[in-house]
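Some words used for protein structures rest on a cut-off, and the questions below ask how a value leads to such a word.

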Amino acid sequence: MADKDKDTELLNAVELDSLFDAVGQEQSPPSAAFLARLHADMDAHLPHPAPQETALPLPRKSWIASILEQIGGVPAAAGLATAGVVGLAIGGIDPARLDTAAAYLGLEVVAYDVDDLFATFPTLSEDG
Amino acid sequence: MPFDSLKNASEDMLLTAYGSGDRAAGVELTRRLTPRLLNYATRVLGDRAMAEDVVQEAMLRLWRAAPGWQEGAAKPSTWVYRVTANLCIDQLRKKRGVGLDDVAEPVDPALSVEEAMMQQARQHALAEGLAELPERQAMAVSLRHLDGLSNPEIAEVMDIGVEAVESLTARAKRKLAQILGKRKKELGYGG
C-alpha cells in the first residue's frame, strides 16, 4: 500500500514528456522591433572588405612597342642598332684595311692567334 | 552568397560569409538562431525584456567573433547558446527570485478554455519544478527537452562531456517526476 502511494507521487515518463511538450509547443517568435535591434547590431559590425582598385583598361600597344618593351626600351634598341651597324661594318671591311677602320672608330687593333686564347696542355698540367 | 544557397548553407558557412561582408548571410543566421535563444532565455529568466537584452548581447558577441571564425571549430548555434546560458546565469545571480511564473506563456488559440487553462497550469508547474533543480540539471534538461538540442550539442554548450549531459538530464528528470508527482491530479494526470 505504501509502495503504491509512493508510485502515484511520481510522474511517469509519458506524463513528464507531455509537460515538456506543453511548454515547448508555445514559443513566441521575436518581435519586429527586437529583430530590428538585432539587424542594427549586425549592420554595425558587418565587415567591409577593402574595395578592389578598378584597373583602367590599358591602351592597345602596337607590335613595335611590344618588342621595344621586351628588349628594354628605346635606349636598348638604339644600342642594338649601333652594334648591328658596327658589326656589319667590321664584317664587311677588308682585313687589310682594318687599321684604317679602327682608327676611324678610335680603336686600337690587337691581333691574337687562336692558340693564344687557350692555355696549352703543359700549362694546364702545371696548374694541376 | 546567392539567395538559394542561403537556405541550405550551414551555420558555419553563414557566419564565415557574414565575416566576409555578406549581410544576407547575417540575416539568415539571425532568423535561424534568435527564436530558440529568445525562448530559452525567457524561460530561464522569466522576463521577456531581460531575455531580449541577453540575446542581443549574445548575438553581438557572435558578430564580433565572425571575422576570425574558424569553420569546423564549433557550431555557431552551440557557441551562442553557451554565451546566452552564461549571460542568463549572470543575470539570475544578480537578481535572485525572478520566477517563470511572471512569464505569460502564449496558449494555443485552437484549445478550448479548459484545455488552455490546463496547458497554462502545466507550463507553470514545469517552470516551478525546473526552478527547484540545481542550475546545471535545469539547464541540461531544458536544452534537451525544451530546446531540442542533442546531447553532443548540449555538451558543447555546457562545456562538459556527453556522459555528464546524460547524467544531468537523467537526474533532472527523476527529480522533476518526484516534485511534480505530488501535483498529478491538479495537472490532469493519473487515473
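Contact means that heavy atoms lie within 4.5 Å. With that in mind, E153(B) touches K75(B) and T78(B), when residues up to four places away in sequence are not counted. The model is a predicted one.

Q: Why is E153(B) called buried?
A: Buried means under 20% relative accessible area. E153(B) has a relative accessible area of 18%, and therefore it is buried. This residue is found in helix α8 of chain B.

Q: How do you know whether Q137(B) counts as buried or exposed?
A: The cut-off for buried is under 20% relative accessible area, whereas exposed means over 50%. Q137(B) has 10% relative accessibility, so it counts as buried. Its place is in helix α7 of chain B, which covers residues 135-145, and Q137(B) touches L168(B), R171(B) and A172(B), again without counting residues up to four places away in sequence.

Q: What makes G72(B) exposed?
A: A residue is exposed when its relative accessible area is over 50%. For G72(B) the relative accessible area is 63%, so this residue is exposed. G72(B) lies in the loop between α4 (48-65) and α5 of chain B, and its C-alpha atom is separated by 7.1 Å from that of D12(B), although the two residues are 60 residues apart along the chain.

Q: Which residues make the contact between α5(B) and α8(B)?
A: From α5(B) come T78(B), Y81(B) and R82(B), and from α8(B) come E153(B), E156(B) and V157(B). By class, this contact of α5(B) with α8(B) has 2 nonpolar, 1 polar and 3 charged residues.

Q: What is the secondary structure of chain A, and how many of its residues, as a percentage, count as buried?
A: Chain A comes to 7 helices and 0 strands. Of its 128 residues, 14% count as buried.

Notes: Residues are numbered from 1 along each chain as its sequence is written. Chains are lettered from A and ligands numbered from 1 in the order in which they are written. This is a predicted model: local features need pLDDT of at least 70, side-chain atom pairs count only at pLDDT 80 or more; totals for chains, interfaces and linings use all residues. Side-chain values use heavy atoms; hydrogens and water are left out. Helices (H or I, at least four residues) and strands (E, at least two) are DSSP runs, numbered from the N terminus. Ala, Val, Leu, Ile, Met, Phe, Trp, Tyr, Cys and Pro count as nonpolar, Asp, Glu, Lys and Arg as charged, and the others, Gly among them, as polar. Buried means under 20% relative accessible area, exposed over 50%, partly exposed in between (1.4 Å probe, protein chains only).
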